[in-house]
Amino acid sequence: MQAELQNMTHSGRIMFCLITTYVIFAMLLNSVGTVILQVISSFDVSKSGASVLEGFKDIPIALVSFLFASYLPKFGYKNSLLLGTLIVTLTCALMPLLPSFLMTKLLFLTVGISFALVKVSTYSLLGQISATAKIHAANMNLLEGCFMLGVLCGYWLFGLFIEGIAQPLAWLSVYWVLAALSLANLLLLVTTPIVQDKQSEATLDSKNNFSKMLKLLALPFVLTFVVAAFFYVLIEQGVGSWLPTFNNQVLHLSPSMSVQITSIFAAGLALGRLSAGLILRRIHWYPLLMVCIASMDILLVLILPAVATLTPETKITQWHQVPIAAFILPMIGMFMSPIYPAINSAVLSALPRHRHATMTGLIVISSALGGTLGSLVTGFIFDYFDGQSAFYFMLLPMTVLALILTGFKRLLIPNETVLSV
């Protein structure tokens, strides 16, 4: 009994470390939309030019995951967490010292590399501390929900440094705060004992480790999942990365208010994922996700026509002047948020634990590529057409995602027990 209690305490401490690490990266990764808005004005960058920041973040995530995910168990999950956190601590400290669009690209490049190390390690450790598939699904939603709380905090943190400041580069001081938080998290990781499953290390003795990532794609339910994850992140990043700019240039909110009101999007993501953790204990994930996608479609169809009629003559600087549509549109995050952790948990639960690191590599790759394309396409449409057209475009990948999830569910049914692959 005492040993079981100690094991639960140890697992809880590891879970806390995973959450705090995820929160730090949430604030950095999802600051892309805020930074896009700021670099357009601070460094005189076009919208299509600023859209490459998503690629500087996501492409390194994909490459590092593809090249090194199978080898991280041997390097050590704790070492990976430490290395990723150390890299972003140093880069955040450099950001206000070397202010430029080039340094901004370098920041997101290193954040992407670091997050690849962190995410593969986090998902693998999550499998070790989750005794059953239901606990795994609940922990996954808790982790991703806290990630969204980090996103929410990030919007307000950046907004505080933008509001009421005349100097165009003063917002970069926010990175001193982020560097300090990263350093504190680094110390927490150093002092937390994390011992990984020996089975995951043993699988690295084979010369065919690298090919195992590709062999997973031979499983139809894995291949379908990869496509579904790609389209989900395309939607999330397409909306999330450009919502601050949409608020500023379409709804005519001030820069600080454009960032702060986007926190509703993050709050919706957090609320949706935390509540989904409870709902998914009682119902299957498929009907919940179909309702979520239908709700996203309805919200866009109802709100975007109303946005087109708004033509304020000056920038909105007072909260009582903000149109209702600006508060309702970000609520799309609440409906999209349960999708990603639910399908991640479904595919990981269908695989043995020693395949979780490899599968996470595929998850990160598909997510990174989807996020990059989503931001680029949205930025292109925004630049050459308008903001409403950019968001109307999201109806297409939403429809595709619903069809893919239907196929994923059918293929997953025979695989809902542990597989030997």
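1. Let me start with S345. Setting aside its neighbours within four places in sequence, S345 is in contact with A133, H136, A137 and M140. S345 itself sits in helix α19, which covers residues 339-349. Its relative accessible area is 5%, so S345 counts as buried. Keep in mind that this is a predicted model.

2. Next, the pair α8 and α15. The axes of helix α8 (residues 133-162) and helix α15 (residues 263-279) come within 8 Å, and they cross at roughly 165 degrees. That makes α8 roughly antiparallel to α15, given that the cut-off for this label is an angle over 145 degrees. As for handedness, the crossing of α8 and α15 is left-handed.

3. Who meets whom there? On the α8 side, the residues are N141, L142, E144, G145, M148, L149, V151, L152, Y155 and W156. They meet S263, F265, A266, A267, L269, A270, R273, L274, A276 and G277 on the α15 side. Sorted by class, this contact of α8 with α15 has 14 nonpolar residues, four polar and two charged.

4. Helix α6 takes in residues 77-94 and helix α9 residues 174-190; their axes come within 8 Å and cross at roughly 160 degrees. The two are therefore roughly antiparallel to each other. The crossing of α6 and α9 is left-handed.

5. Here are the residues behind that contact. From α6 come K78, L81, L82, T85, L86, V88, T89, C92 and A93, and they meet Y175, W176, L178, A179, S182, L183, N185, L186, L189 and V190 of α9. The contact of α6 with α9 divides into 14 nonpolar, four polar and one charged residues.

6. Now the core. Which residues touch the most other members of the largest nonpolar core? Y175, F246, W285 and M359 do, out of 145 residues in that core. Y175 has already come up, as one of the α9 residues that meet α6.

7. Leaving out neighbours within four places in sequence, F246 is in contact with L251, L304, V307, L329, F382, G387, Q388 and F391.

8. Last, a glycine. G49 lies in helix α3, residues 47-50. Is G49 buried or partly exposed? Its relative accessibility is 22%, so G49 counts as partly exposed. The C-alpha atoms of G49 and L376 are separated by 9.2 Å, though these two residues are 327 residues apart along the chain.

Technical notes. Residues numbered from 1 in each chain as written. Predicted model: local features only at pLDDT ≥ 70, side-chain atom pairs only at ≥ 80, totals over all residues. Heavy atoms only, no water. Axes fitted to C-alpha atoms, helices over the stretch in contact; angles between N-to-C directions. Helix = DSSP H or I, 4+ residues; strand = E, 2+ residues; numbered from the N terminus. Parallel < 35°, antiparallel > 145°, perpendicular 65-115°, else oblique. Left-handed = near helix turned anticlockwise from the far one by under 90°. Contact = heavy atoms within 4.5 Å. Nonpolar A, V, L, I, M, F, W, Y, C, P; charged D, E, K, R; others polar. Core = buried A, V, L, I, M, F, W, Y, C linked by side-chain atoms within 4.5 Å. Buried < 20%, exposed > 50% of the residue type's maximum accessible area, 1.4 Å probe, protein only.
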